[in-house]
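Work through the exercises below with the structure open. Try each task before reading its solution.

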Amino acid sequence: MSIPLLDYKPSSQNQRVAGYEVSNEDTPWIYRIEDCSNPNDVLDLINAAYRQVLSEHQILQFNRQVQLESQLKNRSISVRDFIRGIAKSDAFRNLVVETNSNYRLVELCLKRLLGRAPYNQEEEIAWSIKVATLGWGSFVDALIDSEEYRSSFGDNTVPFQRRRYKDRPTNLVTPRYGNYWRDKLETERYKWGDINNFMDMAKSLSIRVVVPQPVQTANIQIPDMTRDNKEAAVSINPSASFPTRL
């Protein structure tokens, strides 16, 4: 039996009210599959989906989902299922899921899949419990199959950041450089001068006890270093002008 989603009160955010602003360069471009009249338009839609879900920094050939792209080009799946497949891919798991805590993961997924930031900490806690109890795949299904996703994007529209006024686009937020990942790297890295590093080094050393050996001086023979024949040193060259040493 899964735990139901906890109740939380959404705080007022700009995407929940009707907009009145004039379109400008910050207005997101909306990609719909019904607007794609040629293969190039479909490629633009696919690239927009990668930018939204995987982030602008992580669009690499290695991370592309070739089978999902082929199915979308043939209209075998909807854009919503294409987004679902990217979010459940191994690339997304390696780049986002495994490098963040549940709270940070909820924040990123709400921004990338629903196009908005979390309302408050209560919503982050509620969805993080769903991640812990249902697992990652079921959490993605719960977001994409939600009424909010259907009413905002439907089956044929790529998710986008709704009503952005100040914050940078969500697809430019790199998950690996969040506070959680930064603190984790800071904790695990070797710190020069840290007392814990010296303690570990001291514990790893094998100490060998040196027992002093007594020395007997009665039988020590001291050689005679006195010179019996004391001859004057002369120069090798007899015609040298400097005086000889006696």
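Predicted model: local features only at pLDDT ≥ 70, side-chain atom pairs only at ≥ 80, totals over all residues.

**Exercise 1.** Find which elements build the largest nonpolar core, and which residues have the most contacts inside it.

Solution. 
- Step 1: The core has 39 residues.
- Step 2: Inside it, Phe82 and Ile83 have the most contacts.
- Step 3: Two or more residues each come from helix H1 (39-54), helix H2 (66-73), helix H3 (79-87), helix H4 (90-95), helix H5 (102-113), H6 and helix H7 (136-144).
- Step 4: H1 gives the largest share, 7 residues.
- Step 5: Now list the partners of Ile83. Setting aside residues up to four places away in sequence, Ile83 touches Ala49, Val53, Leu113, Ile144, Tyr149, Val158 and Pro159.

**Exercise 2.** Why is H3 described as largely enclosed?

Solution. 
- Step 1: Count the buried residues. H3 has 9 residues and 8 of them are buried, so the rest of the structure largely encloses it.
- Step 2: Name them. They are Val79, Arg80, Phe82, Ile83, Arg84, Gly85, Ile86 and Ala87.
- Step 3: Find the cover. It includes H1, H2, H4, H5, H7 and helix H8 (147-152).

**Exercise 3.** Which side chain of opposite charge is nearest to Glu124, and how far away is it?

Solution. 
- Step 1: Locate the residue. Glu124 lies in helix H6 (residues 121-134).
- Step 2: Check its burial. Glu124 is buried.
- Step 3: Lys111 is the nearest side chain of opposite charge, 8.0 Å away. A salt bridge needs atoms within 4 Å, and Glu124 has none.
- Step 4: List the contacts. Beyond neighbours within four places in sequence, Glu124 is in contact with Tyr103, Val106, Glu107 and Pro118.

Conventions:
Residues numbered from 1 in each chain as written. Heavy atoms only, no water. Helix = DSSP H or I, 4+ residues; strand = E, 2+ residues; numbered from the N terminus. Buried < 20%, exposed > 50% of the residue type's maximum accessible area, 1.4 Å probe, protein only. Lys, Arg positive; Asp, Glu negative; His and termini not counted. Contact = heavy atoms within 4.5 Å. Core = buried A, V, L, I, M, F, W, Y, C linked by side-chain atoms within 4.5 Å.
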